Structures are given as structure tokens and as C-alpha cells.
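Please work through each task before reading its solution.

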Amino acid sequence: MAALTGAGMSAESGVPTFRDAQTGLWAQFRAEELATEAAFRADPQRVWRWYQYRRELIAAVEPNAGHRALAWFGKRHSGRLTLVTQNVDGLHQRAGSGDAIALHGSILQDRWLDQPRACCDVRNIEPGAPPRCPVCGNLRRPDVVWFGEALPTRALAAADEAARSCDLMLVIGTSGMVYPAAGLAHVARRQGALVVVINPAETELDEMAHLCVRERAAQCLPWLLGASH
Ligand code: NAD
């Protein structure tokens, strides 16, 4: 069995999806204008601050019953569930799914923007927003996959393998609009897996799914996975 999760999975924990209106200071920007390499290069400070804001928001919330149910199932039925997430917030991992495949990276970590040189050393970074190498000026950036960037090869290969070999794929809390992640549901369907969408709203994957459960993840997953006791 495989599960593909998206931003809706974390919405109940209080992490807004990209399509939800941005709030406060950030209301004037669309996520697509901040989560790109071009946006970061044009205004590193602004994009870094937006990620700091999101990091603080994530640190203040907890995994919900949906995250916990998936983690519970993964432990209870060892080896039977491959969890693939588009979320970068680490909530699956905090709930106990340490082996979740993070297709879009992790907001909790950062990495060098440009290929690191001999002088680039995290033990010696110049603090700032963003921090930088004091010698060559290379910047730190969040370790997430921005719009227009390729997915990490190993994570995508592992997710693809799960889609090719599962008998059931749960597609939870994702609009199904972001590829290649959404393509995993099609891979699963083509090889004969049952595809079940769990989402309170319509998604792009509804037509290809065998079944759509119009419920919130935190409401549906505990009983569906038998973790509600
Ligand atoms: P999306 O914003 O396109 O879609 C979110 C989906 O979740 C919608 O279909 C919505 O109806 C559904 N939803 C809302 N509340 C739900 C609930 N309680 N239970 C189940 N479903 C619910 O998000 P996406 O499909 O993940 O793709 C957009 C991109 O946004 C991804 O690349 C992802 O990495 C990124 N993103 C991640 C986070 C995060 O890490 N928490 C947050 C925002 C965006």
C-alpha cells in the first residue's frame, strides 16, 4: 500500500496550503512569486524571511490525527505502507513516520544556493537573512524543491517504485495539480492498484480514481486505517 500526501494533510494542523490566502505581511505575495530560485536571487532577504515565518509557524503546530494514523499503521504493519509526501513541514516525521519519502525536500533544513566551494563551511557562516559564506558570499537557501526545480532523484525513484508495486494508493490532501507527484497516482492506477482520493473538495485526480472520499484527512484516516481506538 502507498499513500501520497499533500498540503491539505497539514492544513488541519494549521499550516496553510499554498492556495489558501496568505496572511498578514505576506498577503500581497503569491506563493509562486516567493518559492522560486529567481525570486530568491532577486530578493534573498524577502524570500528567506518568508521561509523563516513559515518555519516558525510549523514549529508552533503539532501533527494531527491523520499524520498519527499513518504513522501508527506504518509501525503496526511494518513494510506494508510506503508514505510519499509533497509536504516539506516534517509533520509526518514528527508523528513517527521517519521513513516518509519527502518528494519536495524539507523546510527544516537549508543548503547552499550555489555549488559550495572550499571556503563554504556551515560552521563558519556569516549570520543574516539569509546567512552567507563570509569568503565567497554563497547564500544559504531552504532545502525545498522550488517551482521549476527537479525533484531529488532518489526520492522520486523510491516513490515511483512504490507506485509501481502497490495494490492500493491513498491520495490524501492534494489538489493533484503539481507534477510529477500527481503522476504517481496515474502510475499506480495503470499497473492495477486501487486508487482512493481523500479530500473534502474536488481534485484533478477524481476522474481517474476508483473512489473519492470527501472527508478531511484527520477525520477519515484514523477509522480507515483502524487507528481510531
Ligand atoms: P494544494 O494546496 O494544491 O492542495 C491542497 C489540497 O488539500 C486541496 O485539494 C484541498 O481541498 C485539500 N485539503 C484541505 N484541507 C484538507 C483536509 N483537512 N484533509 C484533506 N484534504 C484537505 O497542495 P498540494 O497538492 O500539496 O501541492 C502544492 C505544493 O504545495 C506542493 O508542492 C507542496 O510541497 C507545497 N506545500 C506544502 C506545504 C506543507 O509542507 N505543509 C504547505 C503548502 C504548500
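**Exercise 1.** Determine which helices each supply at least two residues of the lining of the largest pocket, and describe that lining.

*Solution.* In this predicted model, the helices to identify are α1 and α4 (44-59), each of which supplies at least two residues of the lining. Next, consider the space itself: the volume of the largest pocket is about 970 Å³. Its lining comprises 46 residues, of which G6, A7, T17, F18 and R19 are the closest to the centre. Finally, sort the lining by class: 24 residues are nonpolar, 13 are polar and nine are charged.

**Exercise 2.** State which element gives the most to the lining of the second largest pocket.

*Solution.* Begin with the volume, which is about 170 Å³ for the second largest pocket. Then list the lining residues: L70, A71, G74, K75, G79, L81, T82, L83, G96, S97, G98 and D99. Both α5 and β2 (82-85) supply at least two of the lining residues.

**Exercise 3.** Identify which residues of helix α9 are buried and what covers them.

*Solution.* Helix α9 spans residues 217-224, and A217, A218, C220, L221 and P222 are buried there. The cover over these buried residues includes the helices α1 (8-11) and α5 (65-76). It also includes the strands β6 (168-172), β7 (194-198) and β8 (211-213).

Technical notes:
Residues numbered from 1 in each chain as written. Predicted model: local features only at pLDDT ≥ 70, side-chain atom pairs only at ≥ 80, totals over all residues. Heavy atoms only, no water. Buried < 20%, exposed > 50% of the residue type's maximum accessible area, 1.4 Å probe, protein only. Helix = DSSP H or I, 4+ residues; strand = E, 2+ residues; numbered from the N terminus. Contact = heavy atoms within 4.5 Å. 1 Å grid on protein atoms, 1.4 Å probe; cavity = no way out; pocket = protein on both sides within 12 Å on 5 of 7 lines; lining within 4 Å. Points joined across faces, edges and corners; volume = space filled by probe spheres on them. Nonpolar A, V, L, I, M, F, W, Y, C, P; charged D, E, K, R; others polar.
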